[in-house]
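Please look over the model below before reading the points. They are meant to be checked against the coordinates.

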Amino acid sequence: MGAAFDDQLITDVATVVSTEARAFNNGGRAGLDYWTPNINPFKDPRWGRGQETPGEDPFHLSSYVHALIDGLQGGFDPKYKRIVATCKHFAAYDLESWNGNFRYQFDARVDSQDLREYYMPPFQTCARDSNVGSVMCSYNSLNGVPTCADPYLLQTILREHWGWTNEQQYVTSDCDSIQNIYTPHNYTRTRAEAVTAALVAGTDLNCGTYYQQHLPTAYAQGLFNESTLDQALIRQYSALVRLGYFDGSAVPYRNISWADVNTPHAQQLAYKAAAEGITLLKNDGTLPMEITSDMTIAIVGDWANATEQMQGNYLGIAPYLHSPLWAAEQTGARVYYARVPGGQGDPTTDDWLSVPLLAEKADAFIYVGGLDNSVEAEGMDRVSIAWTGGQLDVIDQLAGYGKPMIVMQMGGGQLDSSPIANNPNVSALLWGGYPGQDGGVALLDTITGKNSPAGRLPTTQYPANYVSQIPMTDMTLRPNSTTGSPGRTYQWYTGTPIYEFGHGLHYTNFSASIQSSNRSYSISDLMEGCMEKYKDKCAFQTVNVDVENIGSTISDYVTLAFLTGTHGPEPYPNKRLVAYTRLHNMTAGSTSTANLGLTLGSLARIDEQGNTVLYPGDYALMVDTQPLAMKNFTLTGDPVTLDEWPQPPAPQLQTSDYFVGGYGSTYEENVIAGGTT
Ligand SMILES: O=[N+]([O-])c1ccc(O[C@@H]2O[C@@H](CO)[C@H](O)[C@H]2O)cc1
């Protein structure tokens with residue numbers, strides 16, 4: 001869904017989710033607070049939970065999450081919320097288990113510039129601009145303080161700076177993260193101090209047992225006031241009030257029933273969400289490829305008959321799971337399926353004797369593989385971002401027969417696909433993520449041209465040696481000659497990506513031109529017209545981009561607008577996304593206009609203190625990754641601070657390093673006397 005770059009799609013999907021959630025609630029099968037979305041930026045390609053997020057770019061994440069909350073909660077200030085959404089994990093959480101570091105004890109060291117520029121924007125959008133009902137603090141520490149015990153994060157930034165002060169908004173802990181304040185963070189001397197630190201910092205709800213077990217002792221010890229407890233309770237009960245929990249049939253959502261679950265509309269949307277995200281990385285002209293009933297197709301690989309696997313993690317019960325194999329069989333062609341060796345944990349293909357047999361019979365090969373949840377998962381980061389040798393071996397062998405050879409790269413993270421990209425016998429390469437219940441159909445429709453691919457990569461595809469250039473624990477974004485970091489994300493990476501953020505081919509060609517001429521703007525004039533409470537939200541301009549389909553195939557087109565230029569503090573990023581929109585169903589020869597709303601905030605840069613500043617200098621707006629259109633402009637006058645970032649308190653504690661456990665070990669404290677775990 002991140003690769004679709006289609007905010008309306010996100011709102012539509014989220015509306016189905018919240019509608020079905022209400023049906024389940026009315027049926028007595030579910031609550032009304034949902035611990036979604038995971039909106040941490042996908043900073044490092046090894047991250048096992050990057051698959052849950054829309055991608056690596058903070059502007060993209062912010063725009064996406066705004067659209068998502070709209071659908072989940074039913075608008076930004078509804079009388080009754082449809083459900084409470086929870087933006088998680090606040091903040092700087094993106095490490096599971098890597099090289100002896102675990103999410104429960106990891107201390108993310110982040111300076112104010114990177115914090116405000118990269119790790120904060122999605123949460124600012126959640127709290128300040130979308131009225132999200134709940135925020136979840138994370139397992140990790142941030143600069144020495146466990147986030148669930150950090151008043152700078154939960155009070156100063158979240159509530160005061162972002163004005164997230166409605167009584168019905170509450171912070172929940174991650175599951176057992178309050179226990180983790182005590183161990184393995186070793187942040188407090190006692191358990192009573194750990195629960196106190198969390199409650200006083202503003203963690204209102206505990207996923208786990210620590211509040212139940214230890215708040216009474218802490219209260220008896222006089223560690224916090226009753227009013228602090230009241231505040232947490234008021235926030236949670238107020239949230240129920242805003243959900244209409246106490247209002248019976250006065251709440252319109254009470255009418256939602258099982259008939260509103262798994263509707264034809266929901267099914268179509270599941271298909272659309274899969275189809276819009278499929279991204280064409282390489283094509284020698286073989287695609288689209290008609291599949292007729294007199295053809296024989298061989299569909300192979302670990303994912304060829306994927307069903308549950310198409311859902312990634314955190315999934316519900318799907319009404320059906322249409323695998324690629326199932327979809328291939330619906331074409332009427334004769335289909336051979338082989339799971340073949342060479343998948344995850346199966347590095348050799350030596351005993352695979354069926355290649356020549358398959359090759360003799362098949363008119364075309366479809367290989368579906370890549371990553372799956374056995375290697376990218378919650379609690380599990382990767383150590384390699386290369387394809388397994390076995391998979392490449394199979395792909396090589398099949399490609400060697402000189403027949404149409406299509407590779408589908410699946411999974412939420414990226415792999416270095418250069419061996420496939422550089423193999424002239426591989427006709428086409430597509431990326432499909434975790435496409436959900438109708439994923440197989442969306443993939444086959446893309447091969448045949450029933451769906452024209454228009455997705456764009458929401459993450460950089462790095463070369464495999466990237467993982468030896470920077471440790472996962474390094475939270476910095478900018479390249480650094482001292483540490484040897486080549487930089488993170490398309491904004492700062494100094495190497496050459498295999499496929500860059502925003503890459504995505506089509507079955508047609510597009511041209512674009514930006515309306516309006518190059519010119520200069522005075523910063524003081526811009527500020528004079530800026531009346532918003534939050535200055536970064538003031539409009540700069542709506543840039544209209546005329547996009548023309550100059551090929552012969554109907555297709556969507558995603559307009560990505562990047563800003564470059566010399567303005568603000570050095571170093572300058574390569575470029576940064578400042579707007580995007582998806583144009584739908586553009587017929588051959590047609591022109592559509594993308595209206596890109598730029599704000600003063602989107603022009604601004606972040607200084608070393610984390611302030612958002614509008615700087616004089618040269619700017620260039622470009623459309624698409626291989627610029628189809630470009631517009632230069634300048635800002636003149638003195639810099640103006642749009643948002644003054646609250647400075648962190650002086651560090652008090654250093655993290656300790658005597659935790660020796662692994663994934664899961666922190667739960668041992670939950671053994672109740674006489675019980676088991
Ligand atoms: O059963 N457990 O032991 C267990 C432990 C951790 C866990 O993950 C946490 O729960 C999810 C709740 O939203 C958070 O996104 C995730 O970080 C989910 C389940």
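Predicted model: local features only at pLDDT ≥ 70, side-chain atom pairs only at ≥ 80, totals over all residues.

1. Length of helix α1. Helix α1 covers residues 7-26, which makes 20 residues. After α1 comes Gly28, whose phi is positive, near 75°.

2. Buried side of α1. Which residues of α1 are buried? They are Leu9, Ile10, Thr11, Val13, Ala14, Val16, Ser18, Thr19, Ala21, Arg22, Ala23 and Asn25. The list includes Arg22 and Asn25, which a reader may want to inspect. The elements against which the buried residues of α1 pack are β1 (33-34), α2 (58-73) and α10 (264-277). As background, an α-helix has 3.6 residues a turn, so residues three or four places apart point the same way.

3. Ser18. This residue lies in helix α1. Is Ser18 buried or exposed? Its relative accessible area is 0%, and the cut-off for buried is under 20%, so Ser18 counts as buried. The Ser18 side chain reaches the backbone oxygen of Thr15 at 3.2 Å. Leaving out residues up to four places away in sequence, Ser18 touches Gly71, Leu72, Arg82 and Ile83.

4. Val261. The loop between α9 (226-242) and α10 holds Val261. Which residues does Val261 contact, its neighbours within four places in sequence left aside? They are Glu20, Ala23 and Phe24. Of these, Ala23 is also among the buried residues of α1. From Val261 to Tyr237 the separation is 24 residues in sequence and 28 Å in space, C-alpha to C-alpha.

5. Ligand shell. Twelve residues lie around the ligand, and those that come nearest are Arg49, Lys88, His89, Asp174 and Glu378. By class, the shell has six nonpolar residues, one polar and five charged.

6. Polar distances to the ligand. For Arg49, a polar side-chain atom is 2.7 Å from a ligand oxygen atom. The corresponding distance for Asp174 is 2.6 Å, again from a polar side-chain atom to an oxygen atom of the ligand. For Glu378, a polar side-chain atom lies 2.4 Å from an oxygen atom of the ligand. Taken alone, the ligand exposes 440 Å², of which the protein buries 72%.

Notes
Residues numbered from 1 in each chain as written. Heavy atoms only, no water. Helix = DSSP H or I, 4+ residues; strand = E, 2+ residues; numbered from the N terminus. Expected span 1.5 Å × (residues − 1). Buried < 20%, exposed > 50% of the residue type's maximum accessible area, 1.4 Å probe, protein only. Contact = heavy atoms within 4.5 Å. Near = heavy atom within 4 Å. Polar contact = N/O pair within 3.5 Å; in protein donor to acceptor, adjacent residues only side chain to side chain. Areas by Shrake-Rupley, 256 points an atom, 1.4 Å probe, with all protein chains shown as cover. Nonpolar A, V, L, I, M, F, W, Y, C, P; charged D, E, K, R; others polar.
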